[in-house]
Amino acid sequence: MATYPRDLQYTREHEWARIEDDVIRVGITAYAVEQLGDVTLVDMPAPGEDVQAHERFGDIESVKTVSELFAPVSGEVVDVNTDLESSPELVNEGPYEDGWLVTIRPSDQAELDGLMDAAKYEEYLGTLDG
Amino acid sequence: MSEALRETSLTDEHRALGARLVPFAGWRMPVQYEGIKKEHEAVRTRAGLFDVSHMGEILVEGPQAVAAVDRLVTNDVSKLTTGKALYTACCNEQGHILDDLIVYRLEDEKVLVVCNASNRDKIVGHFAQNLSLGTPWNDVSDAWALLALQGPHALATMKDLGAPPSLLELPYFSVTRASLGGVDLWAARTGYTGEDGFEFFCASEDAVALWRALIEAGTCHGLQPVGLGARDTLRLEARLMLYGNDITEETHPLEAGLGWVVKLDAGDFIGRDALRAIKGAGLGRKLVGFEMTGRGIARHGYPIVANGEPVGEVTSGSPGPTVGRNIGLGYVPLALAKVGTTLGIEIRGKVVDAMVVRTPFYKR
């Protein structure tokens, strides 16, 4: 069963964000992982690049499809999970742990208020199926 | 807008097994159960069970059955002896591909034609229009189910189900009447995975019994149910054509590398004159296999470029789980079709290197 940790914030595009001091760590949710299936390639920006909230910052590919990755907040990419280059399956194995994608230094803290908590996100998921 | 999706007799089995069901050619079909990679590997190393009941089946009967079907397809059905099967293209007058088919001679005067689900209405219409008058034929797609058991442990699974030696020793591309797991069926040594295996045609109402019997007998041999997702990666590694991608009404069998199923000097068939003219004029392009040498995955519809110019399109592309590389097929001008040629694949605006390679990508 897909789980949605309480300590994370979520987007409608199925990314999660974890606030860690002055950066936020970003990944995709268990729901997104289920929809994608086996992840085979993750295309991400380089550290130092700027990303815009709710705009595409990369792509994630599974055996079957390509999906766009959307930034939960605007800011500068600080760190990129380079382990995913050789082991993209980490996203399937632990989307909230070793399968994280990037960390971003937010340029506008207020954007964090626009994200959903776990309960809200689960409610939102309920409106998608069927 | 959207018409109701059709379901096979096994849809509840798929649901119970946790399959993800998706729309495919008007049907609700399992795209995966446990995951595409795991299912792919199960078929390559053990055994996989597929529900492909969405495929279309046409039965042609009577003393003229063989001759009537022969006139509709590019391969030579007149040489097909009872109990044998062949792969063929079915073309229009322009020599373009309406569908690819497997033709089984079930009995002396009974021929089974299996077509793609997406082409069923078109092929049934084509047969209705072009089969010689007085040839009895019947679209049995709804009455029949089709299950495919594929992989190196297919035989062991059938042995455990009490399959007779005549079935276990059935030669490749042959078909026979048999009983398996208490179900009467036509068993054929054919498939769409590049592995050894069987396809079983049975009455729709017997499909659940056969499916359960095969799962039960196969589980100790590592058998898994396999969805359309892995079916696609398996067939691509084996360079088996996917209609709608690699072959369409815009392509002809000669450029698709299907010249081996075009028998210009056998009896007449629809499209023969056109294909003879195309052959005489020489091919302009060819379907080639390539593997990505740069980082990226080619997908259906991506442009193929050379020296900054678009030269063709990817018809199929995905990771190849067994070959361990990202692979694909696409049409390119003859000058770029040689093995070792570098091609560019345009992936979301970025050109990534690929190289023409020998196919099939995987051979057992």
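Predicted model: local features only at pLDDT ≥ 70, side-chain atom pairs only at ≥ 80, totals over all residues.

Biologist: Start with chain A. How does its radius of gyration sit against the globule rule for 130 residues?

Modeller: Chain A has four helices and nine strands, in the order β-β-β-α-β-β-β-β-β-α-α-β-α along the sequence. The globule rule gives 14 Å for 130 residues, and chain A comes close to that, so it is as compact as a globular protein of that length. Its radius of gyration is 14 Å.

Biologist: And what share of the residues in chain A is buried?

Modeller: The C-alpha atoms fill a box of roughly 35 × 35 × 20 Å along the principal axes. Of the contacts in chain A between residues at least 6 apart in sequence, 62% link residues at least 24 apart. As for burial, the cut-off is under 20% relative accessible area, and the share of the 130 residues is 52%.

Biologist: Over to chain B. Why is helix α8(B) described as largely enclosed, and which elements do its buried residues pack against?

Modeller: Nine of the 10 residues in α8(B), which spans 228-237, are buried, so the helix is largely enclosed by the rest of the structure. Among them are Leu228(B), Leu234(B) and Leu236(B), but also Arg231(B), Arg235(B) and Glu237(B). The elements they pack against are β1, β2, α2, β3, β16 and β17 of chain B.

Biologist: β2(B) is on that list. In its hairpin with β1(B), which residue takes a positive phi?

Modeller: β2(B) is itself largely enclosed, because five of its six residues are buried. It pairs with β1(B) in the antiparallel sense over five bridges, and one of the bridge pairs is Phe24(B) with Trp27(B). The hairpin has two residues between the strands, and the one with a positive phi, near 50°, is Ala25(B).

Biologist: What is the strand order in the five-stranded open sheet of chain B?

Modeller: The pairing is antiparallel, and the edge strands, β5 and β8, each pair on one side only. Neighbouring strands are turned by 25° against each other on average, ignoring direction. The order is β5-β6-β7-β4-β8.

Biologist: Zoom in on β5(B) and β6(B). Which residue in β6(B) is the bridge partner of Ala89(B)?

Modeller: β5(B) and β6(B) run antiparallel, with seven bridges joining them. Helix α4(B), residues 120-130, lies across both of these strands as well as β4, β7 and β8 of chain B, at about 15° to β4(B). The partner of Ala89(B) is Asp100(B).

Biologist: Which side chain makes a polar contact of 2.9 Å with that of Thr190(B)?

Modeller: Thr190(B) sits in the loop between β11 and β12 of chain B. Its relative accessibility is 2%, so it counts as buried. Its contacts beyond four places in sequence include Ile102(B), Gln150(B) and Phe173(B). The polar partner is Tyr104(B).

Biologist: How many residues are in the largest nonpolar core?

Modeller: Tyr104(B) is one of the residues that touch the most other members of that core, along with Leu106(B), Leu112(B), Trp144(B), Phe201(B), Ile247(B) and Leu275(B). Apart from it lies another core, of 31 residues, including Met158(B) and Leu167(B). The count for the largest one is 50.

Biologist: Now Lys79(B): is it buried or exposed?

Modeller: Lys79(B) is in the loop between α3 and β5 of chain B, and its side chain makes a 3.2 Å polar contact with that of Asp76(B). Its C-alpha lies 9.2 Å from that of Val66(B), 13 residues away in sequence. The cut-off for exposed is over 50%, so at 66% relative accessible area Lys79(B) is exposed.

Terms used
Residues numbered from 1 in each chain as written. Chains lettered and ligands numbered in written order. Heavy atoms only, no water. Buried < 20%, exposed > 50% of the residue type's maximum accessible area, 1.4 Å probe, protein only. Contact = heavy atoms within 4.5 Å. Core = buried A, V, L, I, M, F, W, Y, C linked by side-chain atoms within 4.5 Å. Polar contact = N/O pair within 3.5 Å; in protein donor to acceptor, adjacent residues only side chain to side chain. Pairing = 2+ DSSP bridges. Axes fitted to C-alpha atoms, helices over the stretch in contact; angles between N-to-C directions. Rg over C-alpha atoms; globule rule 2.2 N^0.38 Å.
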